[in-house]
Amino acid sequence: MKRTSIICIVVLLLIAAGALIIYRNYLHIALIALAFMMAAMLFGLLYILNLDRRRIEALKREAELAEEIKKSEQRYRALFENKLDGVLVLDAETMKIVLGNKTAAEMFGFSSPEEAIGRNIFDFIHPEDRERTFRIVVEDMLKTGLRRIEEFRTITKDGKEKWMSAVGATIEYEGKSAGLVSFMDITDRKRTEEALRESEERYRALFAEAIDGICLADAETGMIVDCNQALAALVGRDREEMIGKPQTILHPPARGNTVLSATFKQHLTNKEGQILETQVVTRTGGTREVEIKANLLYLRSRKMLQGMFRDITERKRAEEALAKALAGRNNLLESANDLIYTVDINGNFTYLNPRVEDYGYTPGELMGKRFLTILTEKHHGERFEKSIRKKVRQAYEVELKTKEGAIRICQISTSPLMDQEGAVIGLIATVRDITEREQARAEVTHLKEYSEKIVASIPSSLLVLDKEMNIKSVNRTYWETRGIRDDDVAGKNIKEVFPGDLLREGGLLKAFYEVVETRETRRLYGVKHASSDHPEKILNITVSGINHTEEDIIMVIEDVTERARLTEEVRKKSKDLEGFVYTISHDLRAPITSIQGFSSILLADFQDKLDDTGKRYLARIQANIRQMEILIDDLLEFSRIGRTDGTFEDVPSVEIIRDVLDALGPQLKKRGIKVNVRNNLPVIHCNRNRIYQVFENLIQNSIKYMGDAESPVIEVGCRETDGFREFYVKDNGIGIDPEYHQKIFRPFQRLKEVDAKGTGIGLAIVERITGIHGGSVRVESERGKGAIFYFSVPEKA
Ligand code: ADP
């Protein structure tokens, strides 16, 4: 502003000077002055313009600065709000909270930082820590600036106790002096410390009060780091006196003349937790027998050996007393059931109780001899050496040789015997004969292996289940056919392992429950099972209980797919063959009829042209043609059996038999045959005409082959066998040599001994018919002793 006025004044003065000059007519001077004036005005104008630009820049900078401050304030806010530590700003005078972040609010149990405002922070400090914290905050921090309050307890709004540590600094907040305090929750750490302290205290207490002596020694130097009162008492020294001394002071000089005692080294080298028997030495030079259990541990990264010393002096004394008692040959030993003997340090018998006689020896003959005398060559006495050397008890099996040379398997247990000074003087052994037990065990193992081998080798799958259907074991075939391992199914329930089509549709579940209930075996035939892994399989499944266990169920699964396929193939082929036979026999009829016709014409029309020989030949041709016709008829009939499917019905078998007997009545009468038909003949489900044929053929045969029996009798009856009705036709005729029992059932097979009419198809027809009914036929007979033909049909066809 000032500068602008000066410039204006100068410009006015210059104009005034210019006007004066023009007025005085100093034109050339006026022109020069005017030029100067204009230059001055131009400079002035430029100056003013430049001045404004600088002002604008200054303003801009100010605005930027303000923006930056705003941003950093926001950043600070965000930091403050989201800090993991709790931060509170306290009024320095009243100690009331004037500002706080979310974490602090949560730490003190407020729902929001706003809720905390206006509260006195000391209302939330544990009463016992209040004074100390107050002193630090008010007296130190507010006066000296930054200050740390180590650890103190707070009580949250909802009464929970928490451990915190805090650091504070003085600041100016909204023009007033204030304290900025940052809190950290250390409750978890405190708890861990507390737990650690407690466990340390417990260990301390155990250590101090243990009945056993405990010594903690540096594993490298062997220096005693600590020991308890019990150990001090054991060696008759003060605890303090021992700490810092080498552990060798605990043991007799003979063992501890090196930096570390022999036992200490042994404990270090051997695996942890071992027990060694040794001696400790007392301050007065006496020794105590101890058992030391040691283990390695790390204490503040130092390797330590902790030894627990147990005084076994008394026990040792007791053992010695026992040894003495043994020396007196106690009655107890004499009457013991086991063989008991003692040997000296060289292994020579010093005592044997009378039980040695069980092995054929007398005590007297063995006294002074080596114990190996009664053992087999397999034994060399290594264990004896060890017992003596290490003073240890042992138990093992030996082969004892009786005086007769038999070998007995015995269990032997030995204990070293010691004198008063603790030196080994021999050992005592107790021997028990376990031969029978071992044999029984071997037998059981053998039987088990044997049955396991059988089970493993059967080509069917076998599963053992408990009554809840959990699989206990399966055999090799099972996991081989399923391509899995035993472990994959053992323990699983069959419902998890078996597919639904087998369990439900296949009837496996039902069969299983029935077996559990009744303990009777159930068989499932032709169960169909398909899966994504394989095409349809046909299975026969047997479910049964195992006799000696009430609970277990055994399931055998047999894959009969191949068998069923083959049966089907055979059935198809034989059907084809039947068709073929039928066609052939049918086609043969025409030429035969024609031969028959022409031979008749020959005989009738050319009678006079034929001589006797010609006539005889023609007659034979005709006889053979008739036989051939019968054969073809039989063949046709035979091939028809499987082709024509007569209906099945329930028929009282007695009716069929009566019909047959009526039809055969004249023949029976002629030969004077008596027929006995048994009572209670069953109703059977069958093709009536076919069963008629069966009875007809059998009874007809009995008549035909009755021979010259004096009182010919035919008996017809029936009996029940495992799911079948078995009929029989019995005669007292000529009988059949067992050699031909198979042959007679084949088509056209006849035995030539008797001159009876027939083609040899009858029994083949019987076999086919019974087969179609699901049954079978057989014969029991001997030559000259009559025959019984049995044929069966299923109970429920
Ligand atoms: P066929 O009676 O037509 O010879 P079968 O097939 O009925 O034919 O009998 C075959 C053979 O069995 C007979 O030839 C006969 O030797 C013998 N046979 C059958 N039934 C009896 C029977 N009841 N006693 C003795 N032999 C018999």
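The buried residues of α26 are Gly762, Leu763, Ala764, Ile765, Val766, Ile769 and Thr770. Here, buried means under 20% relative accessible area, exposed means over 50%, and partly exposed is in between (1.4 Å probe, protein chains only). Helices (H or I, at least four residues) and strands (E, at least two) are DSSP runs, numbered from the N terminus. After α26 comes glycine 774, whose phi is positive, near 90°.

**Before you go further**

- This is a predicted model, where local features need pLDDT of at least 70 and side-chain atom pairs count only at pLDDT 80 or more, while totals for chains, interfaces and linings use all residues.
- Residues are numbered from 1 along each chain as its sequence is written, and side-chain values use heavy atoms, with hydrogens and water left out.

**The protein as a whole**

- The protein has 26 helices and 27 strands.
- Of its 797 residues, 36% are buried.
- Among contacts (heavy atoms within 4.5 Å) with a separation of 6 or more, 49% are between residues 24 or more positions apart.

**The nonpolar cores**

- A nonpolar core is a set of buried Ala, Val, Leu, Ile, Met, Phe, Trp, Tyr and Cys residues joined through side-chain atoms within 4.5 Å.
- The largest one has 41 residues, and the members that touch the most others are Ile691, Phe695, Leu698, Ile699, Ile714, Phe789 and Phe791.
- Helix α25 (residues 688-704) gives this core its largest share, 6 residues.
- Another core, of 25 residues, lies apart from it and includes Val489, Val497, Val515 and Leu524.

**How α25 packs against α23**

- Helix α23 (residues 653-663) packs with α25 at an angle of about 50°, and their axes are 9 Å apart.
- Axes are lines fitted to C-alpha atoms, for helices over the stretch in contact, and angles run from 0 to 180 degrees between N-to-C directions.
- The angle makes α23 oblique to α25; angles under 35 degrees count as roughly parallel, over 145 as roughly antiparallel, 65 to 115 as roughly perpendicular and the rest as oblique.
- The two helices meet through Glu655, Ile656, Ile657, Asp659, Val660, Leu661 and Ala663 in α23, and Arg688, Ile691, Tyr692, Phe695, Glu696 and Ile699 in α25.
- This contact of α23 with α25 has 9 nonpolar, no polar and 4 charged residues.
- In these classes, Ala, Val, Leu, Ile, Met, Phe, Trp, Tyr, Cys and Pro count as nonpolar, Asp, Glu, Lys and Arg as charged, and the others, Gly among them, as polar.

**How α25 packs against α26**

- Helix α26 (residues 762-772) and α25 pack at an angle of about 145°, with their axes 9 Å apart.
- On the α25 side, the meeting residues are Arg690, Ile691, Gln693, Val694, Asn697, Leu698 and Asn701, and on the α26 side they are Gly762, Leu763, Ile765, Val766 and Ile769.
- By class, the contact of α25 with α26 has 7 nonpolar, 4 polar and 1 charged residues.

**Two residues with positive phi**

- Methionine 469 has a phi near 75°, a positive value in a residue other than glycine.
- Methionine 469 sits in the loop between β16 (461-465) and β17 (471-474), and it is buried, with a relative accessible area of 3%.
- Asparagine 680 has a positive phi too, near 50°.
- Asparagine 680 belongs to the loop between β22 (674-677) and β23 (683-686). Is asparagine 680 buried or exposed? It is exposed, because its relative accessible area is 76%.

**A closer look at aspartate 218**

- Aspartate 218 is part of strand β6 (residues 213-218), and at 9% relative accessibility it counts as buried.
- Aspartate 218 and lysine 303 are 85 residues apart in sequence, yet their C-alpha atoms are 6.3 Å apart in space.
- Leaving aside neighbours within four places in sequence, aspartate 218 is in contact with Met223, Val225, Phe264, Arg302, Lys303 and Met304.
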